[in-house]
Amino acid sequence: MLNPKLKLNPRIFNEEVEQIPIRKGFGEGLLLAGGQNKNIVALCADLTESTQMHLFANKFPERFIQVGVAEQNLVTVASGMATMGKIPFCSSYAMFSPGRNWEQIRTTIAYNDQKVVIVGSHSGISVGPDGGTHQALEDIALTRVMPNMDVVSPCDAIEAKKATLALVESKRPAYLRLVREKTPIITTNETSFELGKSEIYWVPDVGLAQVGIIVTGGLMYRALLAAKELESEGIKTKVMNIASIKPMDEKSILELAREARAIVTVEEHQIAGGMGSAVAEVLAQNYPVPIEFVGVKDVFGQSGTPDELIEHYGMGKDSIKEAVKKVLKRKL
Amino acid sequence: MLTDKKIKELRKKANDIRISIIEMLLEAKSGHTAGSLGMTDIFTLLYFHTLKHDPKNPAWEKRDRLILSNGHICPVYYATMAHAGYFPIAELKTLRKLGTRLQGHPHHEYMPWLETSSGPLGSGLSQAVGMALADRMDYGENIRRFIYCLMSDGELNEGNSWEGAMLAGKYKLRNLIAIVDRNNIQIEGHTEDVMPLEPLADKWKSFGWHVIETVGHDFRSLDEALQEAQAIFEKPIVIIAHTVPGKGVSFMERDYKWHGKSPNKEEAEKALQELKANFPKA
């Protein structure tokens, strides 16, 4: 059942569950933050509306910089503004930022320790018909490997809004990973959110979990559907939401691993270097248990509808269920 | 205005800084010699005449900002800052050694009064643009301070440089002064052979910049160029400073092979002898 302590969306399993693009939560969060803090500035590389930065840009035009289609400039200008006390948010598609401008982010933001928030919308396979060039499946790996850099990947629009507000207060550079497609609303305004902390969204009706499912980003809905079906099939799981991939809530992950002694990770990203890899790094060093990874298996994406692509590349509800059953068999 | 007396002082100071550069590069056994010597006169004028700064209070909020984009010439940056009083001159001998604040390329986290970290080329101008934009937001048309960006000609091969130039032109950032070290060399040879930059002044003009060309070793014309730059109202300003790589040491001048290497003991002794002869002790 949904963890009753977290006040999650009670209509989540209804057919007509409300769906909002995760990026929209960022747009609303930035607008709200902009009203509260005059040091916030926004920069965009010709994708203001797509990344939902237009809400801020329209309200605070004097604090918005349009840099044109120039992602290397986007982040280096932001770094310069941060040194003068501004809190820059810079947005583009994840494939271009942090994709194209990785070294500039490393040197002028991470190495230079300047508090800039890099917002990559349109991450993952669910970008859909635009095809493989536009589907960022490597961005978690690219960002989490940098010292000083935090990585946040919210599961719905409401969490994205909370994450945006929390990143204003954080002192560190960060990457905020967003999804283009409409995504079911999972949390509510009452659901707690804290950078660096993970929560269990699904718990067994009674008893301990046999498998822990750890999810980041927009696949949370499918993971919850999988957990619900597994429960009715007699397999008890806990589903953990990791919005904060870095810093990672190691304590909660270890608690889950100790209880379930088998883990499945779920993300719209290459298996190599992603959230699952980060979880594996923690478990391998502290409490090794069998792990199955749901994610993209070392291939590029292609055109298709988001649902088709998620199924085709093995990240749908049934793939998550299969991974759970597989890891159960591997349990010692 | 620079008085004759001041110019004489600056010449002596630049010579002292060149001596420090040779000494620290000898000690470090690696590093970039030609660009450091070539930019010494410009660094000297900036730190001992032009910049609004306070070495005893490096975090002074109103200070001008100076960004070194081509971080590899940091020997001249460090040596000038030490001579200006930011840290002890003796510390220059720690260049490139484990635990030093004087990293092989500038690292802001190790030495907080460097305005930024640099090394990978082509990104300094954009950071300077960000600083100038931030001041524009806060102070409008009133100039709170100038943002100086020192950059090499070789790094103008980088697309990022021109992205920054384009944005500065768009916002007409008159509080931004770029100084290009036009020494015509880069690692693998002469700039016009590796990747031609000319007509360089026209390129900047077409991006919306006010262009001033000057000799990078004559304090009076450099000072006039900087005064002109500060007086321009409607555009960002670039000073294309024609410099001689390796300036001040005869056997290093104009030889691109000194771009990325340091002198050995014998070469350093010869260089120091030459430099010390310029101002013989009374």
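How are α1(B) and α3(B) oriented to each other? I took this question first, working on a predicted model.

**Entry 1. Helices α1 and α3 of chain B**

I looked up the axes of helix α1 (residues 4-28) and helix α3 (residues 40-50) of chain B, and found that they come within 9 Å and cross at roughly 120°. Angles from 65 to 115 degrees count as roughly perpendicular and those over 145 as roughly antiparallel; α1(B) and α3(B) are therefore oblique to each other. I recorded the crossing of α1(B) past α3(B) as right-handed.

I then listed the residues that make the contact. From α1(B) they are L10(B), K13(B), A14(B), I17(B), R18(B) and I21(B). From α3(B) they are T40(B), D41(B), T44(B), L45(B), F48(B) and H49(B). Sorted by class, this contact has six nonpolar, three polar and three charged residues.

**Entry 2. Helices α1 and α4 of chain B**

I next examined how α1(B) packs with helix α4 (residues 74-84) of chain B. The angle is about 125° and the axes are 9 Å apart, which makes α1(B) oblique to α4(B). The crossing of α1(B) past α4(B) is right-handed.

On the α1(B) side I noted K13(B), D16(B), I17(B), S20(B), I21(B), M24(B) and L25(B). These meet P75(B), V76(B), A79(B), T80(B) and H83(B) of α4(B). I counted the classes in this contact as seven nonpolar, three polar and two charged. I marked K13(B), I17(B) and I21(B) in my notes, as they are listed in the contact with α3(B) and also in the contact with α4(B).

**Entry 3. The five-stranded sheet of chain B**

I traced an open sheet of five strands in chain B, with the order β1-β2-β3-β7-β6 and parallel pairing. Which strands stand at its edges? They are β1 (65-68) and β6 (210-215) of chain B, each of which pairs on one side only. On average, neighbouring strands of this sheet are turned by 20° against each other, direction ignored.

I followed the pairing of β1(B) with strand β2 (residues 147-152) of chain B: the two run parallel and are joined by four bridges. Within this pair, L68(B) has L150(B) of β2(B) as its bridge partner. I also looked for a helix on the sheet and found α5 (residues 124-139) of chain B, which touches β1, β2 and β3 (176-182) of chain B. The direction of α5(B) makes about 170° with that of β2(B).

**Entry 4. The five-stranded sheet of chain A**

I turned to chain A, where five strands form an open sheet in the order β9-β11-β10-β13-β14, with mixed pairing. The edge positions belong to β9 (199-202) and β14 (291-296) of chain A; each has a single partner strand, so one side of each is left without a neighbour in the sheet. Neighbouring strands here are turned by 25° against each other on average, direction ignored.

I checked β10 (residues 211-215) against β11 (residues 237-241) of chain A: they run parallel and five bridges join them. V215(A) has N241(A) as its bridge partner in β11(A).

I recorded two helices against these strands. Helix α8 (residues 250-260) of chain A lies across β10, β11 and β13 (263-270) of chain A and runs at about 150° to β10(A). Helix α9 (residues 275-286) of chain A packs on the sheet, where it touches β10, β13 and β14 of chain A; its direction makes about 145° with that of β13(A).

**Entry 5. The two domains of chain A**

I looked up the domain assignment of chain A, which gives domain 1 (19-184) and domain 2 (196-330). The centres of these domains, taken over C-alpha atoms, are separated by 25 Å. Their contact involves 27 residues of domain 1 and 30 residues of domain 2 of chain A.

On the domain 1 side, the elements that give two or more residues are α5 (139-144), β6 (150-152), α6 (157-169) and β8 (182-184) of chain A. By class I found 13 nonpolar, eight polar and six charged residues on that side.

**Entry 6. Chain A against chain B**

How many residues of chain A are in contact with chain B? I found 23 residues of chain A in contact with 23 residues of chain B. On the chain A side, α3 (71-83) and α4 (102-111) of chain A each supply at least two residues. The largest share, nine residues, comes from α3(A). The class count for this side of chain A is eight nonpolar, ten polar and five charged residues.

Note on methods: Residues numbered from 1 in each chain as written. Chains lettered and ligands numbered in written order. Predicted model: local features only at pLDDT ≥ 70, side-chain atom pairs only at ≥ 80, totals over all residues. Contact = placed C-beta atoms within 7 Å. Nonpolar A, V, L, I, M, F, W, Y, C, P; charged D, E, K, R; others polar. Axes fitted to C-alpha atoms, helices over the stretch in contact; angles between N-to-C directions. Parallel < 35°, antiparallel > 145°, perpendicular 65-115°, else oblique. Left-handed = near helix turned anticlockwise from the far one by under 90°. Pairing = 2+ DSSP bridges. Domains from an automatic or database assignment.
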